[in-house]
Every structure is written in C-alpha cells, then in structure tokens.
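Student: Please take me through one part of this model up close, a pocket if you can. I would also like the cut-offs behind the terms.

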Amino acid sequence: MVKKIAVGTAVAALAAMALQLQASAQQQGNAPARRAVGGTTAGNDAYPTDDQWKNSKEAQALVAKAKAAAGKDEKLVSRFDKACTVLGPQRPAVLRQNAGLPAEPQRQVDIVKLFDNFYFFGFSTVGAWAVTTNQGIILIDSLNTVDEAEKIIEPSLKKAGLNPADVKYVIVGHGHFDHFGGAPYFQQKYGSKVVMSKLDWDMIERPNPNARGPQANRPLPKRDVEITQDNQKVTLGDETITLRITPGHTPGTLAYYIPVKDHGKSINILMLSGANITPDRASLDAFKKALDYAKQQKVQALINGHPGLFGDEIGWMEQIRSNPNGPNPFVLTVDEFGKFADIMKDCAEARLVAMDTKKTATN
Ligand SMILES: [Zn+2]
C-alpha cells in the first residue's frame with residue numbers, strides 16, 4: 001500500500017515538474033505566450049493561432065457544420081465541445097495549464113470493467129487496458145515504467161481475477177514511454193509479445209538526443225511484432241483486433257478496432273492512441289480514413305490512451321463502477337457515432353484550413 005502511494009506520488013511530482021518547466025518557458029521574453037499542446041510529428045506549433053481559428057471563414061463554416069451535426073443530442077454536444085476547438089481534444093492537464101490553473105496531482109484509478117471483456121487500470125492521466133479472450137489476455141499500453149508494470153498493472157490484473165501470466169500480447173499504441181514503459185516487464189517475465197508499428201519501433205530504437213536521466217536509461221521492449229500496414233490484425237483465441245496507422249502524434253501511432261461485449265451484446269469500439277492530432281494533410285487523410293473505417297465497422301464507442309480527451313472518461317468509469325448494470329456512458333448508437341466521427345473530421349479539417357490561411361498570408 002505504502003509502495004503504491006510512493007509510486008503515484010513520484011509520478012505526480014514528475015508530471016508537475018514537467019508542467020512547471022513548460023510554464024516557466026512560457027514566461028520568457030515578450031513573445032506571445034506559448035500554449036501547452038499535445039506533441040505532434042510537426043512540432044508543437046502545428047496548431048492554428050486563436051486569430052487564425054476565429055478569422056478563417058472556411059474553418060468557422062466547418063465548425064458550424066459540426067455543431068449542426070451535434071444538434072441537441074447531449075452526448076454529441078459535449079463531444080463537439082471537446083473536439084471542435086483551436087487545439088482540438090487535449091489532455092485535461094494541458095487545458096488546466098493553458099487556463100492558468102495549478103496542475104492536479106495524478107491519482108491511481110482502481111481497475112474498472114468497461115465492457116465484459118475489457119478493463120481499464122492505471123492513472124487518472126494515462127492508463128492501460130486488458131482485453132480478455134478464451135486463450136489469454138491482450139494488454140493495450142503498459143504505463144510509464146517497469147516498476148509500474150510490477151506495482152500497478154500486475155496487481156490490478158490479479159484484483160480483477162485475471163492471471164498476469166496469461167498476457168500473450170502487449171500492443172503499444174505509440175512509441176512514447178508512458179505507453180511502452182512497462183512492456184519489457186511482461187516481455188521478460190511472461191514472454192508476452194510486444195506489438196508496435198514499425199515506424200514507432202524505428203523511432204524508439206533511434207538514440208534520442210533530448211532524453212535525459214531516467215528517460216534516457218529507460219529499458220526498451222525488444223521488437224517482436226511490427227504493424228506495417230492498415231487493417232493488419234492481432235488475433236488471440238476468439239478475439240481479433242484490427243489496427244491502422246494514424247500518424248500525427250508520432251509517425252506510426254495506432255488506431256484499434258476492438259470487438260467487445262457490452263452486457264452480453266457484441267459491439268465494436270475504436271481506440272485512438274494519438275487522439276486526433278492531425279498536423280498536416282497526410283495525417284488528416286489517414287485520420288479521416290480511420291474514422292470512415294470505424295463507421296463502416298459500426299463502431300459505437302471511442303476510447304483514448306489518456307482519459308479526459310473526449311469527455312469525462314474518469315467520471316464515466318466511476319459511473320460504471322457504481323452502477324455496473326446500468327447503461328454504459330461510453331457507448332453511442334451507431335448513428336450517433338457516425339455523427340461524432342463526422343464532427344471530429346470536420347473540426348480537424350477546420351484546424352488545418354485555418355493554418356493554411358496563415359501559410360498563404362505569410363508566403
Ligand atoms: Zn504520446
């Protein structure tokens with residue numbers, strides 16, 4: 001117990017430090033305050049400015065179209081509010097920082113069964129998932145470190161009545177340490193196969209000149225399975241997860257299509273490891289195709305690696321925990337999800353066209 005708290009506190013302290021560093025960088029010089037944003041392959045300036053966003057008629061027409069699609073559907077209106085801003089869906093810590101609010105300490109979230117065969121555990125800011133099959137477990141992401149795999153993931157699985165030795169695969173959504181950090185633990189202890197896009201394997205294996213201290217010395221998982229093409233599948237027993245590559249946050253960020261059971265009913269869910277960070281046209285095109293494929297697959301829920309991007313995910317999990325037989329707040333109808341996908345596409349397009357205005361204006 002004491003150990004658990006120590007781990008959580010250390011991570012929270014590191015997160016707070018990172019935010020402070022960014023905040024002090026913001027205060028230097030007379031340049032306009034730099035906003036904190038989610039990282040992209042094109043750098044953190046790959047978002048329109050507030051003025052570009054407001055003044056681009058084309059962008060605002062797309063926003064109006066997305067708003068109309070949300071209509072009066074409360075679930076869609078709250079998702080529109082998160083998706084259709086100048087920075088798009090961002091982690092709550094980033095939004096707090098931009099609003100000048102102090103960082104909230106990260107807290108550990110007790111394991112929660114989101115669907116009959118799909119569990120969440122980890123922290124309020126980043127999590128991992130377990131998909132159970134009739135031949136073992138597929139873990140999705142692995143928190144920050146080997147230590148967290150041992151002290152958080154392993155006990156969480158046991159608490160849910162699952163055997164950590166049954167983890168056959170660890171699929172890592174993208175090559176950042178808060179997703180792959182715990183993977184070596186399962187690879188070494190249980191022989192789990194680690195899956196990542198080829199592009200992100202290449203990325204993490206390149207020496208990183210900016211990595212310092214514990215990050216530079218962090219053990220990497222060894223390359224087991226590479227995702228090299230769209231619709232590549234990972235099958236274990238009666239479960240098949242389909243993967244697509246949606247570059248933007250990293251070169252090979254993954255989107256997952258996962259069949260789950262919601263109170264016995266089969267539905268498909270979509271996981272976007274890189275939220276909807278689409279800094280350029282190629283990235284936006286891949287993102288649109290991924291959402292169109294989700295519509296084709298009649299997806300009904302969207303999950304992200306970091307809770308709080310698309311809604312009050314931590315609150316929704318509490319709701320499931322307190323009322324496990326009630327309606328699942330993550331789940332939309334097929335029709336609602338289709339509209340949500342269109343809203344995300346239009347709002348990402350709006351950000352890109354708002355930036356295009358800048359390019360034409362300054363060139
Ligand atoms: Zn990341």
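Tutor: Happy to! On a 1 Å grid over the protein atoms alone, a pocket is an open set of points where a 1.4 Å probe fits, with protein on both sides within 12 Å along at least five of seven lines, and lining residues have an atom within 4 Å of a point. The model is predicted, so local features need pLDDT of at least 70 and side-chain atom pairs pLDDT 80 or more, while totals for chains, interfaces and linings use all residues. Numbering runs from 1 along each chain as its sequence is written, and side-chain values use heavy atoms, without hydrogens or water.

The second largest pocket holds about 300 Å³, a volume being the space filled by probe spheres set on the points. Its lining has 18 residues, and P92, E104, S124, T125 and I314 lie nearest the centre. By class, five of the lining residues are nonpolar, six polar and seven charged. Two helices (DSSP runs of H or I, at least four residues), α5 (92-98) and α12 (313-322), each supply at least two lining residues. Of these, α5 gives the most, with three.

A word on the zinc ion as well: H174 (NE2), H176 (ND1) and H249 (NE2) coordinate the zinc ion at 2.1 Å, where donors are N, O and S atoms within 2.8 Å of the metal (3.2 Å for Na, K and Ca). H176 sits in the loop between β5 (167-171) and α7 (177-180) and H249 in the loop between β9 (239-245) and β10 (254-262), so this pair ties together parts 73 residues apart in sequence. H249 is buried at 16% relative accessible area (buried is under 20%, exposed over 50%, partly exposed in between, with a 1.4 Å probe and protein chains only), whereas H176, at 27%, is partly exposed.

Technical notes
Ala, Val, Leu, Ile, Met, Phe, Trp, Tyr, Cys and Pro count as nonpolar, Asp, Glu, Lys and Arg as charged, and the others, Gly among them, as polar.
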